Amino acid sequence: MAIAMSPHIPSVGTRFSLNNDIGTIRYTGTVDNTPGIWLGVEWDNPDRGKHDGHKDGKKYFSCRFRTSGSFIRPNPHIVYGVSFLGALTAKYIEALHGSDEIVTLGSSQGAIQITAVSLDKIREKFSRLDRLREVSLDKANVVKGDPPANITKSCPKSAVERWKDVHGLDLSQNLLPNWETVAEITSSLSLLERLSLNRNRLQMPLNYDRLAIAFQKLTEIQLNDILISWSDMQKITSFMPQLRVIEMGYNHLARLCGDKHTTIFKPAVEFLNLDTNLCSDWIHICDSLGEYNSLQRVVLTSNHIEDIPFPESSLNCLPGIKYLSLSDNRISSWEAIDSLSCWLPSLETMMMNGNPLMNDNEFGKQIRPFMIARVPSLVTLDGAFISFRERTDSELFYMSTIIQQGIVADDVRTKAHYHWPSLCKKYGKPDEVQKQQNLQNKLSGHLIDLQVYRYAQSMEQSDDGFATAPETTLRVLPTMSLRILRLKMCKVLKVDARRTNVALWLHMGNGALTKLDKEHDLRDLDWLGLDNGSQIAYQVQ
C-alpha cells in the first residue's frame, strides 16, 4: 500500500511517482501570475517535461536536461512510495485470511459457495521468504528501508531467520532518494552478490559509515541510466571489496577519470560496461581503464570514438583486456585498428560492426581479412570464430594486397601497415618484383568458385535446374564459415541480413539436394563439402 500524501507540502528532494512517471521535487511554492501552491519537478525521463525550471523568464529551479522540468499541483494521485519490506511482502506474500474461508466455485458462476479449511497453511507454504534467492522489485515505488524490529514483526516466523539469504536484488526504477537508503536495505542482505539500481536517481551519501558494511559480498552492480559520474562511481564501489562487474551504460559520460587518479580502494573489476555514453577521447579512456589491473572485458558500444592514436609507451597499454566491443562508434580508418592492436596486445574478441570502416565500399569483401591480419591476437571477430586457416589466408591476402601497391621504402610501408615486419618474419619477405606474383598466386590457389542458383522446388526431384548457367559465381576462401557465406549472399542480393534469412542448399554429386542448416553456421565451407565448382541454391525467406 502506498504511503498517503502528507497534509503538508513535500520537501525539496522528495522522490515521487505520478501515472507511472518518476520524478524529484525541486521547488515548492507559488508561481508568478498563477494562484495557489505548485510543485516544481524534474522528471527522470528528460522528454517528460517542458522546460528546465524557467518560466516566463524567471528561474524557479534547475534541471540537468532542458526539457525535464515542469510544474504540477499537489494532488492525491501522487505516490510517495513504500518501504522495501512493504514492496517485498506485497509481491511475494499473500495475506493470511483466517482459519475458515468462504470460497466461490468459479465453474458455478457464483452459485455455489463452500467453506475452505486451512488455506492459510497453503499460503504460508508458498510465501516462504527464506526460499527467495533472487528478488525483483523493479518499478515497485520503493523509497526507504525498514528497521530490524519491523522486519521481525512483519515477516512470517519461518522466514525471519533465512529471508536475508537473497543473492540477487533488482531495485531498478524506484523512488530511492540516496545511497544511504540503498545501504540500509542491503545491510540486512548479508549474502547479496548482484544488485541492479538501473534508472534510479541517487544522491551521494552525506555519511559513508553505513556503506562500510552494506556491500561486503557484492560481485556485480548495475548502474545504467542513473546519471552517476565516474568519480562518484569509484567512491561508491570502494566499499565493495568483492566487486567484479560494473555496468554504467546510458549515463551521458563524456569524461571518466579526472586529471589525477584517485587513491581510494579499487576492487578487482573484470568486466566494465560503458554502453551508450558520450566518450570520444581514446587516450583518456585507456588512462581511466588503466586504474583497474584485473580488467578483461570492456564494452564501449555506441559511444563517440573516432580516432585511436598509437600509444606513446608500452606502459600505457592494457595487456589484460581480452574482450572489447566498439560496435556503433565512428571509427573509419585502418590506422585506428593498427594502433588498437598495440593498446590491447592480448585482445581475443572484438566487436566492430556498425562503424563506418566496416561499411567502406572501397574495401568491401576485404574488410574481414584485413581486420584479422591487422590484429594478430584476435580469435573472434563480430561473433564469428577465426580458424587457423582463415588467419593464414587473411594474412597472405593482406600481404599480397600490400605488394600490389607498388615498391616503396620499408619505413614508409611499415608506417602504413604496422604489422608488415612481423608478417614478413612469419611468412618471409616477398621479393618486390619476382615474388609479387607468386604471393598472389599462392592466395589464389586457396580460392574456390561457388556457382549460385535460385532455389526451385523442382530441384528436389531433378538436376535440370543446375544444367543452365548460374545466376552468379562467388569466389571465396574454403575456410569461410557458413554464417559469413550467408551474410555475403545478403550483400549480393542487397537484402538486410538482420531481417532476412537466406536458406542454402548444396547440390551433391549424386544429384541430391542437401540443406545447409543453421546449426552448421560456424563450420568452414570445406568441412561442409563445398569445393571449387560446387553448386548451391538459395532462397530468401
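This is a predicted model: local features need pLDDT of at least 70, side-chain atom pairs count only at pLDDT 80 or more; totals for chains, interfaces and linings use all residues.
Student: Why does Ser17 count as buried?
Tutor: Ser17 has a relative accessibility of 6%.

Student: Where does Ser17 sit, and what is it in contact with?
Tutor: Ser17 is part of strand 1, which covers residues 15–18. Setting aside neighbours within four places in sequence, Ser17 is in contact with Ile22, His77, Ile78, Val79, Asn141 and Leu175. Contact here asks for heavy atoms within 4.5 Å.

Student: How do you know that strand 1 and strand 2 pair?
Tutor: Pairing takes at least two bridges, and strand 1 and strand 2 (residues 21–29) have 4 bridges, in the antiparallel sense. One place to look is Leu18, which stands opposite Asp21 in strand 2.

Student: What makes strand 1 and strand 6 edge strands?
Tutor: Start with the sheet: it is open, has 4 strands in the order 1-2-3-6, and its pairing is antiparallel. Strand 1 and strand 6 (69–72) each pair on one side only, and that puts them at the edges. From one strand to the next, the twist averages 45°.

Student: Now the rings. How many aromatic pairs does the structure hold?
Tutor: There are 15 aromatic pairs. One of them is Trp179 with Phe215, at 6.5 Å centre to centre and 80° between the planes.

Student: What makes Trp179 and Phe215 an aromatic pair, and what do we call the arrangement of their planes?
Tutor: The ring centres have to lie within 6.5 Å, and this pair is listed at 6.5 Å. Planes over 60 degrees apart count as edge-to-face, so at 80° the pair is edge-to-face. Trp179 lies in helix 5 (residues 179–186) and Phe215 in the loop between strand 13 (194–196) and strand 14 (220–222), so the pair ties together parts 36 residues apart in sequence. Both Trp179 and Phe215 are buried.

Student: Is Phe370 buried or exposed, and is Tyr398 buried or exposed?
Tutor: Buried is under 20%. Phe370 has a relative accessible area of 3%, so it is buried. Tyr398 is at 1%, so it is buried as well.

Student: Why is helix 9 called roughly perpendicular to helix 10?
Tutor: The two helices pack at an angle of about 100°, and their axes are 8 Å apart. Angles of 65 to 115 degrees count as roughly perpendicular, so helix 9 gets that description relative to helix 10. Among the residues that meet there are Phe370 and Ile372 in helix 9 and Phe397 and Tyr398 in helix 10.

Student: How do you know that Arg48 lies over the face of Trp43?
Tutor: For a charge to sit over a ring, the distance to the ring centre must be within 6 Å. Arg48 is at 4.1 Å from the ring centre of Trp43, and it lies over the face. Arg297 lies over the face of Tyr323 at 4.2 Å.

Student: Why is helix 6 described as largely enclosed?
Tutor: In helix 6 (residues 230–237), 6 of the 8 residues are buried, so the rest of the structure largely encloses it. The buried ones are Trp230, Asp232, Met233, Gln234, Ile236 and Thr237. Their cover includes helix 5 and helix 7 (282–289).

Student: What makes strand 24 largely enclosed?
Tutor: In strand 24 (residues 502–507), 6 of the 6 residues are buried, so it is largely enclosed too. Val502, Leu504 and Leu506 point one way, while Ala503, Trp505 and His507 point the other. Strand 24 pairs with strand 26 (residues 535–540) over 6 antiparallel bridges, and 3 bridges join it to strand 25 (residues 513–515), also antiparallel.

Methods: Residues are numbered from 1 along each chain as its sequence is written. Side-chain values use heavy atoms; hydrogens and water are left out. Rings of Phe, Tyr and Trp (its six-membered ring) pair if their centres lie within 6.5 Å; planes under 30 degrees apart count as stacked, over 60 as edge-to-face and the rest as tilted. Buried means under 20% relative accessible area, exposed over 50%, partly exposed in between (1.4 Å probe, protein chains only). A charge sits over a ring if NZ of Lys or CZ of Arg is within 6 Å of the ring centre and within 35 degrees of the ring normal. Axes are lines fitted to C-alpha atoms, for helices over the stretch in contact, and angles run from 0 to 180 degrees between N-to-C directions. Angles under 35 degrees count as roughly parallel, over 145 as roughly antiparallel, 65 to 115 as roughly perpendicular and the rest as oblique.
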